[in-house]
Amino acid sequence: MGLKQNLHKLKEKYKGTKMAPAFNALHTFLYTPNETTHSGAHVRVVDDLKRTMNTVIMALVPCLIFGIFNAGYQHYAAIDNTLRLDPLGNFFTWDNFILGAWTVLPLVIVSYVVGLGVEFIFAIIKKHEVEEGYLVTGMLVPLIVPIDIPLWMLAVAVIFGVVIGKEVFGGTGMNILNPALTIRAFLFFAYPTWMSGDKVWVHGAQAMAGQPDAISGETILGTLAANSHPVYSLWDMFWGFIPGSVGETSTFLIIIGGLFLIFTKIGSWRIMLSAVIGAIAMGLIFNGVVAQGWIQEGSKFYGLMNEPFWHHLIIGGLAFGIVYMATDPVTASQTNKGKWIYGFFIGFMSIMIRVFNPAYPEGVMLAILLMNVFAPTIDHYVVKGNINKRMKRAKHLKAKTA
Amino acid sequence: MSKDIKIKKGLTIKLKGEAEKTLSSAPRSRTFALRPSDFHLITPKMVVREGGKVQAGDTIFYSKSNELVKFVSPVSGTLTKIERGAKRVITEIIIEADPQDTFKDFGILSPDSSSAEAIKSRLLESGCWPFIMQRPYAVIADTEQEPRDIFISAVSTAPLANDVDFSLNGKEKELQAAVTALSKLTKGQVHVGVGKSGSSPFKGLKDISLHNVSGPHPAGNVGTQINKISPVNKNEIVWTIAPQDLVIIGELLLTGKFNPDRIIALSGSEVKTPKYYRTRIGSEAATFLYDSGLKDENVRVISGDVLTGKKISPKGHLGYYSNTVTVIPEGDDYELFGWNKPVFDKISTSRALTFSWLTPNKKYDLDTNTNGEHRAFVVTGNYEEVFPLDMFPMQMLKACMVKDLDQMEALGMYEVAPEDFSLTEFVCVSKQPHQQIIRNGLDLMYKEIG
C-alpha cells in the first residue's frame, strides 16, 4: 500500500511541472492511472494502448530469444562447418547464448535507450504524455539489423527514425512511415557496406575479413541473387538456422507470433493474409515466366525468379515484415477493404523488388515503405466509395421529388 | 405489415445489477429541478421569477431563439431558486413541490379528428415539444420544418437499460393517441422498432409502420434503426421520440394534463435492490436511491445508461429525458500492472491477455476507471466491429476533430447523434471522447450550415 500512496503523492507534486510526462510515463508502467471517465460512456474496455503494444512485444520475444541463440550459432558454425550437420543439437547451447546475448542485447539496449530518450524529450517539450509507440519500434529495430552493426550507427539511425519518421509528423499515431523501417532504411542507404553483402550477417565476419581464417555468411537471398544454390536445407530455412538479420530468420516462430497476433485481434489478419496471397501471386508469375523460357539460365534474374514461389515466404525478411511491420495500424490502410489492397501489394511488390533488384535483394522493407505512402490514397478511394453511395442516395431522392 | 431489421455488428455489454421487473412508487420528491443543459443548444428565457407559484404544465422558460418552444413545470409548487454558473448561465431551476398537484388544463384534443395545426400548437403550448428530437444535429426539433419520417425505438439493448415492454405495460391507449397525433405531422411514416421476441404494446397499434429489430446493442438505438430503415439525406429532417415520452404526449391529448410520470429502471452493481420505480421528471434521485439503498459511498450515479447518461450527484435530480438511473462504483484508484496482467473481471473486445471472450454470458461489475490514458488514434478496425451504421466511424471522428465540414457532410454526419458513437467510445483503446467529438462536430455544423 505504501508504494501506491507515495507514488500518488509524487504524482500530485509533479503535476503541471515539466517533469510530469516523464514521471507519469514511469508511474503508469507500475500502476494504471486513477483516471475516471468524465463525459460520454462511463465505463470503458480494459484494453489500452500499453496493453496493445505489450501484446506485440510478447509476440516478438520468441524471435528475440531465437535471434540470440542464432547469433552465436552462426558464428561458431561459420568457423566449424560440421556444426551444421546437427543444427538442433548444436543450437541451444550456452556458448551460443552467451555470445548471442553479448552481441544482441547491446542492440536492444541502445535501441530502447536512445529511442525512448528522444520520445521523453519530445514529450517534455511538447507537454504531452509519452506515447507507447516506441515500445514496439524499439523491439523491432534490433531484430531487423545485421548482428555486427556498430552501436553508434544504430543510435544515429534511431534518432533519425524517431525524429524524422515520427515526431515531425506529430508523434505516435500521426506518422506516415513505419518508424522501424525508416530506421532500417536510413542505415541501408547511409551505411550500405554494413547492411548488405556477405560479411555482415555473421558475428565476426567483418572483423576477421582478410585473415586466413576469415569467415563469411551470405543470406539465402544473396546467394540466389548471385545465381548460386543455397547450402541450407528448406527445413533449416523454416526453423531459422540460417544467417540473416537478428530476429527475422525463423519463419516458424514468426508464424507462431502472427497467429498469436491474429488470435488476440491485435494484428490485422486481412493484411497478413492478403500479403501472403500477393507474394504467392508474384512468385507464381515469375515461375511462369521461367517456365515459358523467357528468362534463361544465365540471366541475372534467373536465380531468384526460378525459386519456387512458396520458398519466397520462408527466405529473407518477408514473413517478418508481413507479420510485424505491414500490420502497424498507424501506417497501414485504416479501412478493412483498404487493408486487403494494401497487404496484397506489399507481398506483390516485395517479391518484385527482390527479383529485379539483386543488389539489394531484400524487397520487403522498400515494399512496405512504399505502400505506407500509398495507404492514405487507398483509404481515400475506399471512403470515397461510401461517400458516393450516400450522394447517389440523395440525388436519387432529389430526382424523385422533382 | 412489419419488416425485420437484423443487426450483426455490435456488442451487448452485460453488467451486474439488472433491475428486477417489479414496480414500486418512489416517495414524492420535495424538490424538482429542470436543467437547461439537458436541452442541448437551448438558451432559456425565464418566464417565472424566483418565488413564483406554478402549476404542473405552467411555462417556466422558453427558448431564446424560438419562443414557441416552451418548457413547463413537471409539478405544482414554488420556484425557489435559479442556480447560475459561469457567465450567469442558468444551470438549474429548483421548484419546491406542493403536497398535492394541481394541473394546468390544456383541454382534451382528439388526435383522430384534429388537424395537424391544432396538434402541433397543443404540443408546443403544453411543453411536449422538447420531447421531439430531430436529426440532423440531434437537437430539439425545429418548429418550422415538417419531418420526412418519425422514428421511435421501443427496443432497449443498452446495458442495464429500461425494458421498454415492461415500463410501457398497459399504456396502449396513450401510445395510440400519441402516434396518431404524430402521424398527422408528417407526410411520411411513423416507424416503430420493436423487439423481435417479446410483447411490445406497439404491436397492435395503428398509424405506424412496425419493424422487428434483433441483434446486439446498438440495435435498440434509434439511429441504428434509421440507418437501416431509411437513412437521413442532406436537406431532410426526421424526428425521433422516446417511447415513454409518447405516453406523456398521449396522456396530455386524452386528459388535457401534462403529467410527466416516468417509470425508471434503477440498476447497477452498487444498488442493493435494483428494480423499477414510478417517479417523475426532475425528481430528486435520493427519493428512490435511498429507498432501494446503495452498497457503497464512492459511487457514480448516472442519470441514464452507462454509455450515454449524465453524471449526477446522489442528491441531484433525475434528468429530463432519462428513464434509467445506473449506479456503478467509481474507479478512482490505481491498479498494479493493470496494463499487462491477465484480466478476467473486465470486458474487452480483444484477447490480449483479456479473457472476457471465454465467458460471453458472464455479467461484469465495471467501474468508471478509463483503464488507461488518453492517446492519439492508433488501432484501426476495432470500431467497425461494433458500429453497424454504413459509414466510417474513425474517419468521421477525425473529420470532426479537424473541423472539416465538407468531409463531415460527405461521411454522413446528418445521420448521426452522439449516442451512435457510444460503443466505439467504449471499445476505444486510445480512450478518446467520441461522443464529445461528435457533439462538437454537430454543433459546429449546426452553427455553420443548419
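Two strands are said to pair if DSSP finds at least two bridges between them. By that criterion, in this predicted model, strand β16 (residues 261-267) of chain B and strand β20 (residues 324-329) of chain B pair in the parallel sense, over three bridges.

In general terms, strands of a sheet pair through backbone hydrogen bonds, either parallel or antiparallel.

Chain B also holds an open sheet of three strands, in the order β4-β6-β7, with antiparallel pairing. Here β4 (44-46) and β7 (70-72) of chain B stand at the edges, and because each has a single partner strand, one side of each is left without a neighbour in the sheet. The twist from one strand to the next averages 35 degrees. Within this sheet, β4(B) is joined to strand β6 (residues 59-63) of chain B by three bridges in the antiparallel sense, and K45(B) is found opposite Y62(B) in β6(B).

The domain assignment gives domain 1 (2-9 + 107-255), domain 2 (20-28 + 260-329), domain 3 (31-97) and domain 4 (370-448). The centres of domain 1 and domain 3 of chain B, taken over C-alpha atoms, are separated by 26 Å. Nine residues from domain 1 of chain B and twelve residues from domain 3 of chain B make up the contact between them. On the side of domain 1 of chain B that touches domain 3, the elements giving two or more residues are α1 (116-125) and β11 (139-140) of chain B. The residues of that side comprise five nonpolar, three polar and one charged.

The next contact is the one between the chains. It takes 61 residues from chain B and 50 residues from chain A. On the side of chain B, the elements that give two or more residues are β18 (299-303), β21 (335-336), α7 (393-401), α8 (405-411), α9 (422-427) and α10 (434-448). Of these, α9(B) provides the largest share, four residues. By class, the side of chain B that touches chain A has 25 nonpolar, 23 polar and 13 charged residues. Strand pairing also links the two chains: strand β1 (residues 31-32) of chain A runs antiparallel to β21(B) and is joined to that strand by two bridges. In this pairing, T32(A) stands opposite E335(B) in β21(B).

The axes of helix α6 (residues 133-143) and helix α8 (residues 179-190) of chain A come within 8 Å and cross at roughly 35 degrees. The crossing of α6(A) with α8(A) is right-handed. On α6(A), the residues T137(A), L140(A) and V141(A) meet P179(A), A180(A) and I183(A) of α8(A). The residues of this contact divide into five nonpolar, one polar and no charged.

Notes:
Residues numbered from 1 in each chain as written. Chains lettered and ligands numbered in written order. Predicted model: local features only at pLDDT ≥ 70, side-chain atom pairs only at ≥ 80, totals over all residues. Axes fitted to C-alpha atoms, helices over the stretch in contact; angles between N-to-C directions. Left-handed = near helix turned anticlockwise from the far one by under 90°. Contact = placed C-beta atoms within 7 Å. Nonpolar A, V, L, I, M, F, W, Y, C, P; charged D, E, K, R; others polar. Domains from an automatic or database assignment.
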